[in-house]
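Hi,

Here is the structure I promised to pass on. Have a look at it, and then read on for some notes about its charged side chains.

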Amino acid sequence: MKHWYEWAEGIVLGPNLEDKLAPPPRDILFSEPFSFKLPDVPARSSKTQFSDKQIKFPKKYQLHEKDKMSLALNAFANHELLALEIMAEALLYFPHNTEEGKRFKRGIISALVDEQKHFSLYTERMNELGYEFGDFPLNDFFWRQMGKLTTPEAYIASMSLTFEAANLDFSRYYSKIFSELGDEKTSNILETVYLDEISHVAFGFNYLKRWSNNKTLWDYYQELLPWPLTPARSKGISFHSDSRFLAGMSEEFVHQLIHFEDPFRITKRKDSHEKTDR
Ligand SMILES: [Fe+2]
Ligand SMILES: [Fe+2]
């Protein structure tokens, strides 16, 4: 039986999808000593290597074409894979010498298992269309941002409350588009991702409240975000307030989010021109 850290190490340092998708061990105590050195990038097989190649994300009217749809699913799946690699890294990196630290890590494991499920849903759909994960270029954008995640506080601000929060909007948006195109199967996958994402964002918001020490949550969130991330990154295409309320965010926090703007062009999203590098 593997130790939890061997399982998490396998996700970061193992190149194959079997390593990345292995289920966690059943009994995790977080009491065993171990050492781990963070790699520059997670190990990937030759098929799933990162690439610098910029490819245009398909426009919505192209998403009924099998190759364009597979390209989109490839990008979605890559985000899931990066998320679960980062979560495994967080497990190996953050301390767990308190009950709070252990509880926090159990929450990360539960989200990680969801990301594994999302990855499989997207890639199995690609297979049905005659494609495989890695048939299109894969970027390492999330990983590059996450190098700055040196504390659990920075992790919840960046991962849960920014990238996963943006995915509330993206998953809903694309679920609707695929439904309009008559592809209920893909639409349902995105709906599943959306529902799980609500709980991942809720996890982050709960800890934001818990650790805020009477600071205004909005100020505290911004203070924790490592540059150049800003709250604008937490908004996808067509901002959806209700999903934030379902994740437990307050009226005031959502109001601040709606009205936040930053000067970076990438976050001025238009639904007709969305990059894979979200
Ligand atoms: Fe996910
Ligand atoms: Fe997630």
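The side chains of Asp 140 and Arg 144 meet in a salt bridge, with N and O 2.8 Å apart. By salt bridge I mean a side-chain nitrogen of Lys or Arg within 4 Å of a carboxyl oxygen of Asp or Glu. Asp 140 is buried at 17% relative accessible area, while Arg 144 is partly exposed at 47%. The cut-offs here: buried is under 20% relative accessible area, exposed is over 50%, and partly exposed lies in between (1.4 Å probe, protein chains only).

Before going further, bear in mind that this is a predicted model, where local features need pLDDT of at least 70, side-chain atom pairs count only at pLDDT 80 or more, and totals for chains, interfaces and linings use all residues. Residues are numbered from 1 along each chain as its sequence is written, chains are lettered from A and ligands numbered from 1 in the order in which they are written, and side-chain values use heavy atoms, leaving out hydrogens and water.

Next, take a look at Lys 68. Lys 68 forms a salt bridge with Asp 67, the closest N and O atoms being 3.8 Å apart, and another with Glu 65, at 4.0 Å. Lys 68 is partly exposed, at 23% relative accessibility.

Altogether, the count comes to 15 salt bridges.

Cheers
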